[in-house]
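Me: I would like to go through this model with the cut-offs stated. Please set each value against its definition.

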Amino acid sequence: MRLRTLDDFDLKDKNVLIRVDMNVPMLNGQVTDSTRLTRAVPTILEVLEKGGKPILLSHFGRPTRGFDLTMSTQQAVIALSNRLKKRVHFATSCIGETAQLAVDTLPKGDVLLLENTRFHQGEKKNEPRFAAELAKLGDIFVSDTFSTAHRAHASVEGIAHLLPSCAGRLMEEEIYRLEAVLSTPERPVLAVVGGAKVSSKLMLLEHLIGPMDKIVIGGGMANTFLAAQGHNIGQSLCEHDMQDTARSILENAKVMNCEIILPVDIVAAKEFSANSEHEILPANKCPADAMILDVGPKTITLIKKHLDEAKTVIWNGPLGAFEIPPYNIATNEAAAHVAFLTETGKVLSVAGGGDTVAALNGSGSAKRFTYISTAGGAFLEWLEGKTLPGVAVLMS
Ligand code: ADP
Ligand code: MG
């Protein structure tokens with residue numbers, strides 16, 4: 001089995017539907033980290049160079065009830081146009097007459113971005129009718145979104161059955177680079193898992209116990225584990241109904257010989273805002289009216305010690321609420337340490353995830369890692385050894 005690529009097709013005068021990932025971190029309508037846009041550029045330019053018309057499909061955020069202005073892909077148009085140095089047109093729907101008209105009138109040499117695919121329920125449900133509506137707009141489908149390849153959604157998987165389809169250059173690069181570092185990693189392998197998507201990532205964590213030698217748990221993720229150990233975590237972000245899962249992960253990890261490293265101290269604050277009043281406390285001493293926003297200095301030292309013993313480091317999810325300083329300290333310090341170990345040839349390091357990459361870019365460490373993936377969840381599922389539906393459909 002091999003991945004079909006852009007080399008397999010003649011793109012001249014073809015309408016080329018490209019599934020990209022424009023799901024970039026935003027603040028007040030501004031793109032705060034454009035890594036994903038930048039990484040989408042090579043495929044789009046190649047399609048243009050080969051005489052095709054690029055029509056971009058993407059989701060943005062997690063809309064639940066159709067159209068929502070705050071989750072319109074239109075917000076990415078200017079930033080994308082700046083990266084491509086091309087005109088980017090926008091269609092207010094990704095299907096139907098509006099989309100068709102935009103495709104038919106797209107001037108050669110320009111790019112068209114369609115509205116958020118997740119404004120339609122058919123996207124997540126992978127409804128054949130919705131996939132067919134999308135497919136109508138193009139002659140060829142190119143998937144360049146490794147970061148959503150773990151989801152069998154219509155614009156990722158369903159559509160690929162309906163058109164001649166292949167991987168884009170970013171998809172190819174992601175798979176090639178991740179395989180190079182991680183298919184037979186040098187041990188010990190240490191994973192750092194943090195962030196806010198606790199419930200979805202907790203499941204993944206269960207499967208990472210096998211392949212990993214050590215797992216550092218930080219960020220919002222760690223709170224569920226602290227609560228599961230009977231600690232009061234006050235108002236912290238936590239999924240209380242996942243405590244049993246957290247306990248069973250800790251039990252299984254013992255059996256499987258995977259060391260789990262949890263925070264030993266915390267930074268607790270009463271307000272979720274920049275430079276709010278905060279204290280450093282032992283991990284079991286969060287006041288009832290406060291929330292844990294970062295791991296503390298002793299935990300940072302502990303994480304560094306474990307990093308020093310690792311040969312391969314995998315990272316998804318910030319260790320704290322990094323967008324609001326000073327709760328970025330643990331993430332920045334641990335990232336700087338991974339960067340240093342990478343540069344001195346002691347570890348191979350891979351990090352992925354929209355917010356994780358934003359955090360590592362913010363601290364200047366991202367460039368110093370062995371590889372930065374655009375994917376978070378997909379990269380963790382790939383690590384489990386799962387076949388990702390959005391990749392499988394591009395193989396023949
Ligand atoms: P990624 O996008 O890299 O996969 P996530 O989306 O899972 O990562 O998590 C990133 C978010 O987690 C950030 O917005 C960060 O503020 C938040 N976060 C991390 N630690 C905490 C915490 N202790 N409390 C609240 N939010 C947190
Ligand atoms: Mg995120």
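Me: Which residues around ligand 1 come nearest, and what makes a residue count as near?

Reply: A residue is near if one of its heavy atoms lies within 4 Å of the molecule. There are 19 residues around ligand 1, and Ala196, Lys201, Glu323, Asp355 and Thr356 come nearest. This is a predicted model, in which local features need pLDDT of at least 70, side-chain atom pairs count only at pLDDT 80 or more, and totals for chains, interfaces and linings use all residues. Residues are numbered from 1 along each chain as its sequence is written, chains are lettered from A and ligands numbered from 1 in the order in which they are written, and side-chain values use heavy atoms, with hydrogens and water left out.

Me: Which elements each supply at least two residues of the shell around ligand 1?

Reply: They are α8 (219-228), β14 (291-295) and α12 (354-362). Helices (H or I, at least four residues) and strands (E, at least two) are DSSP runs, numbered from the N terminus. The largest share, 3 residues, comes from α12. By class, the shell has 7 nonpolar, 8 polar and 4 charged residues. Asp, Glu, Lys and Arg count as charged, Ala, Val, Leu, Ile, Met, Phe, Trp, Tyr, Cys and Pro as nonpolar, and the others, Gly among them, as polar.

Me: Why is one space called a cavity and another a pocket?

Reply: The test uses a 1 Å grid over the protein atoms alone. A cavity is a set of points where a 1.4 Å probe fits but cannot get out, whereas a pocket is an open set with protein on both sides within 12 Å along at least five of seven lines. Lining residues have an atom within 4 Å of a point. The whole structure has 2 cavities of 30 Å³ or more, where a volume is the space filled by probe spheres set on the points, joined across faces, edges and corners.

Me: Why is the largest cavity said to lie between two domains?

Reply: Domain 1 (6-171) and domain 2 (185-383) both give residues to its lining, so the largest cavity lies between them. The bounds come from an automatic or database domain assignment. The lining includes Asp33, Arg36, Gly354 and Val357, and the elements that give two or more residues to it are α1 (35-49) and α12. This cavity holds about 60 Å³, and its lining has 3 nonpolar, 5 polar and 2 charged residues.

Me: What is the volume of the second largest cavity?

Reply: The second largest cavity has about 40 Å³. Asp21, Arg36, Ala40 and Thr374 are among its lining residues, which divide into 2 nonpolar, 3 polar and 3 charged.

Me: Which element gives the most to the lining of the second largest pocket?

Reply: That is α6 (169-182), with 3 residues. The pocket has a volume of about 190 Å³. Its lining includes Phe146, Glu172, Trp382 and Met395, and by class it has 8 nonpolar, 1 polar and 3 charged residues.

Me: How do you know that the bond between Arg187 and Pro188 is cis?

Reply: Omega is about 0 degrees there. Pro188 lies in the loop between α6 and β9 (189-193). A cis peptide bond also joins Pro325 and Pro326, with omega of about 10 degrees.
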